[in-house]
Amino acid sequence: MKPLLTRRQSLLLGGSALSLFCCCPPGRAEPHRYELTPKKLTDGVWVTRGSDEAINERNGGAIANVAILDSSEGAILIDTGPSRRFGEALMTLAKELTGKPIARVYLTHFHPDHMFGNQAFDPAKLAATKGTIDGMKEYGNAFSDSMYRAAGDWMRGTELVLPQAVVEGAPEDIGNRRLRPLLMRGHTPSDLALFDEKTGILFAGDLVFLDRAPTTPHADIERWRMSLANLSAIPSAMIVPGHGPVESSVRGVEQTSRWLETISHMIGDAFERGLDISEAITLPLPDWTKSIALARYEYERSVMHLYPQFEAARWPRIDERG
Ligand SMILES: [Zn+2]
C-alpha cells in the first residue's frame, strides 16, 4: 500500500507544525549557545578548555583555552574566544566566578579563535601587543570570512573589535595581581605569554600546544623553537597551553618543540628530495605523534604553509640567474 505522505511531505508538514509552537520568527532557528565549563586551577584562577578539534559547526570555533583570573580590582581574562556570542558567555561567567566587573582582557595573539569575542568587552579594557593589533588589522576581514564559513551561525553578529591598550614589556599590576608579560614570537609575528607572579602559572597562548597538533599559518619555526626554549627556563607551577590540557610540567613546551622539529625536518627533507607538494603531504608521520589530536590534519596544512616558504628560500629567482 502506498504511504499517505512521502517522507519529504511529512518533513515539510512537521516543520510548519513546529513553527506554530516556536517562539522564533519563521526561518530563524534558535541561536546556538556556548556551554562554558570552568575548571578551577587554584584559588582565583579558572580555565575553560577548548575542544581538541578543528573549527566546525558543532563546536562553534570554541577550540582555544580561555583563562579567568580574579583580582581585587576585577576579573582578568586571557583571550576572548571565537565569536561575539562566546565573548558574551565568557563575560557572564567571569562576573559569576569573581563577583566583580571586568578589569582587563589580554589577547595572546591575533588568531580568530582567540579574539573574535572582543565585541562583548569595552575596547579600552582590551590589551594586546602592537604586533597583535597590527595583525588583527591586516587579517581581521579574511579571518571573519573563514570563521563564518567554518562555524556558520555561531558567528552571527560578530565583528572585529580592536584593543585600545598596548602591552609592552613592563609588569602589569591589576589590583592585587601582578602579571609579567613575555613578548615573544614564532607562532605568529607577535605572541604574548603571561606569567602570574602570585600563583606561578604561565599562560603560554599558542606558543604551547599539548596533545593537539600545533597550527602554523603564520609560523616562523626557528623563532618559535627559540621562544619555547625561553619558556622552558621559567620556573612555572603550571602551564596553560593555548590548546590542550593544563599540566604542572613542561610536557607541552617539549612536545610543541618536538613537533615543530619533526615537521620542519620532514618537509625540508621532502623538498630536498624533489618531492612535489602532493607527495610531501602523503608522507607517514612518526609513531610518537599518534596520540596527538589532529596530527595528520595539521601536518597537511603545514605542508601547504611551509612548502612555498622553502621554495621561496631555496630556489633562485629567475631574474637573478646569471
Ligand atoms: Zn589558537
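Predicted model: local features only at pLDDT ≥ 70, side-chain atom pairs only at ≥ 80, totals over all residues.
Biologist: What share of the residues of the protein chain count as buried?

Modeller: A residue is buried under 20% relative accessible area, exposed over 50% and partly exposed in between, with a 1.4 Å probe and protein chains only. In this chain of 322 residues, 49% count as buried. Contact is a separate term, meaning heavy atoms within 4.5 Å. Of the contacts between residues at least 6 apart in sequence, 68% join residues at least 24 apart.

Biologist: Which residues coordinate the zinc ion?

Modeller: Donors are N, O and S atoms within 2.8 Å of the metal (3.2 Å for Na, K and Ca); water is not among the atoms, so sites may look incomplete. In this case the zinc ion is coordinated at 2.0 to 2.4 Å by Asp113 (OD), His114 (NE2), Asp206 (OD) and His243 (NE2). Along the chain, these donors follow the spacing D-H-x91-D-x36-H. His114 in helix α3 (residues 112-115) and His243 in strand β12 (residues 238-243) are 129 residues apart, a pair that links distant parts of the chain. Both His114 and His243 are buried.

Biologist: Why is the arrangement around the zinc ion irregular?

Modeller: Four donors count as tetrahedral if all angles lie between 85 and 135 degrees; four count as square planar and six as octahedral if opposite donors are over 155 degrees apart and all others between 65 and 115; anything else is irregular. Here the angles subtended by the four donor atoms are 90 to 170°, which makes the arrangement irregular.

Biologist: How many aromatic pairs does the structure hold?

Modeller: Rings of Phe, Tyr and Trp (its six-membered ring) pair if their centres lie within 6.5 Å; planes under 30 degrees apart count as stacked, over 60 as edge-to-face and the rest as tilted. The structure holds eight such pairs. One of them, Tyr34 and Phe86, is edge-to-face, with 5.1 Å centre to centre and 80° between the planes. Tyr34 lies in the loop between α1 (7-21) and β1 (38-42), and Phe86 lies in helix α2 (residues 84-98), 52 residues apart. Both residues are buried. Phe110 and Phe143 form a stacked pair, 6.1 Å centre to centre with 25° between the planes. Phe110 is in the loop between β5 (102-106) and α3 and Phe143 is in helix α4 (residues 130-151), so this pair ties together parts that are 33 residues apart in sequence. Phe110 is buried at a relative accessible area of 2%, and Phe143 is buried at 10%.

Biologist: Which residue has its charged end over the ring of Trp288?

Modeller: A charge sits over a ring if NZ of Lys or CZ of Arg is within 6 Å of the ring centre and within 35 degrees of the ring normal. The residue is Arg258, whose charged end is 4.2 Å from the centre of the Trp288 ring.

Biologist: Which residues have the most contacts inside the largest nonpolar core?

Modeller: In soluble globular proteins, nonpolar side chains tend to be buried together. A nonpolar core is a set of buried Ala, Val, Leu, Ile, Met, Phe, Trp, Tyr and Cys residues joined through side-chain atoms within 4.5 Å. The largest one has 37 residues, and those with the most contacts inside it are Leu182, Leu231, Trp259, Ile267, Tyr299 and Tyr307. Among the elements that give two or more residues to this core are β9 (177-184), α5 (221-232), α6 (251-272) and α8 (295-314). Helix α6 gives the most, with eight residues. Apart from this core lies another, of 21 residues, including Val47, Ala127, Ile201 and Val246.

Conventions
Residues numbered from 1 in each chain as written. Heavy atoms only, no water. Helix = DSSP H or I, 4+ residues; strand = E, 2+ residues; numbered from the N terminus.
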